[in-house]
Structures are given as structure tokens and as C-alpha cells.
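Please examine the sequence and the model below, with attention to its open spaces and to the elements around them.

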Amino acid sequence: INHWSQRKGLPHVSIRCGIHSGWVSVGNLGFHSRLKFGVIGENANVPAKLEELNKTYGTPNLISEATYNRLPGEDFIVRPIDYVDIWHDEG
């Protein structure tokens, strides 16, 4: 995308991504007069927390151990970053 945007004179695009694997509930929530599509469950917020941790570690992408354990064979090159407790907020 950056090659395309550079040719068009557009600014560089930079994103961070957090990837986690786990069970969640997905679907329309609420009443028929006020429906909202949503994702709920203890695993639903983990990708957002991983995405935020990219700022701390200066990385573009972070995956959870649960996702790492589901990767097939040696198709991906990964390295450990840190052990972080994302289940308990401080404060």
C-alpha cells in the first residue's frame, strides 16, 4: 500500500496489529429497535491490548501465545518479546 500511496503523493501508512485466538460471542446484540453488532467475551479485548503494546515494544504486530500455539509448523518466523499479564489491569 505504501508503494501505491507514494506514487499518488499520499503520506506513508503505518498500522499496528494485535492478534489473539480464543472463543468469543459474535452477533447482533440488543432489541429489534436498537441492534448493535458486537463481540463479547474475555478474549474480545485481547487484540486491542496487544495492539497497544506495540507502542511499548516498537513493533508493528504482536500475537498472543494462544495464537502462536495454533500456527502451523514453521510457516512463520516469530520471536518472543516479553511475558505480559494482560488479564489484570493495574490501578
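Which helices and strands each supply at least two residues of the lining of the largest pocket? In this predicted model, the contributors of that kind are helix H2 (46-57), strand S4 (61-63) and helix H3 (65-68). H2 gives the most, with 4 residues.

Rolling a probe the size of a water molecule over the atoms shows where empty space is left. The largest pocket has a volume of about 880 Å³, and 24 residues line it. Nearest its centre lie Ile63, Ser64, Glu65, Ile81 and Asp82. By class, the lining comprises 17 nonpolar, 4 polar and 3 charged residues.

The buried residues of H2 are Val46, Leu50, Leu53 and Asn54. Because these residues cover an arc of only 120° around the axis, they lie on the same side of H2. An α-helix has 3.6 residues a turn, so residues three or four places apart point the same way. The packing partners of the buried residues of H2 are strand S1 (17-19) and S4.

Just after H2 comes Gly58, with a positive phi of about 65°.

Conventions: Residues numbered from 1 in each chain as written. Predicted model: local features only at pLDDT ≥ 70, side-chain atom pairs only at ≥ 80, totals over all residues. Heavy atoms only, no water. 1 Å grid on protein atoms, 1.4 Å probe; cavity = no way out; pocket = protein on both sides within 12 Å on 5 of 7 lines; lining within 4 Å. Points joined across faces, edges and corners; volume = space filled by probe spheres on them. Nonpolar A, V, L, I, M, F, W, Y, C, P; charged D, E, K, R; others polar. Buried < 20%, exposed > 50% of the residue type's maximum accessible area, 1.4 Å probe, protein only. Arc of directions from axis to C-beta. Contact = heavy atoms within 4.5 Å.
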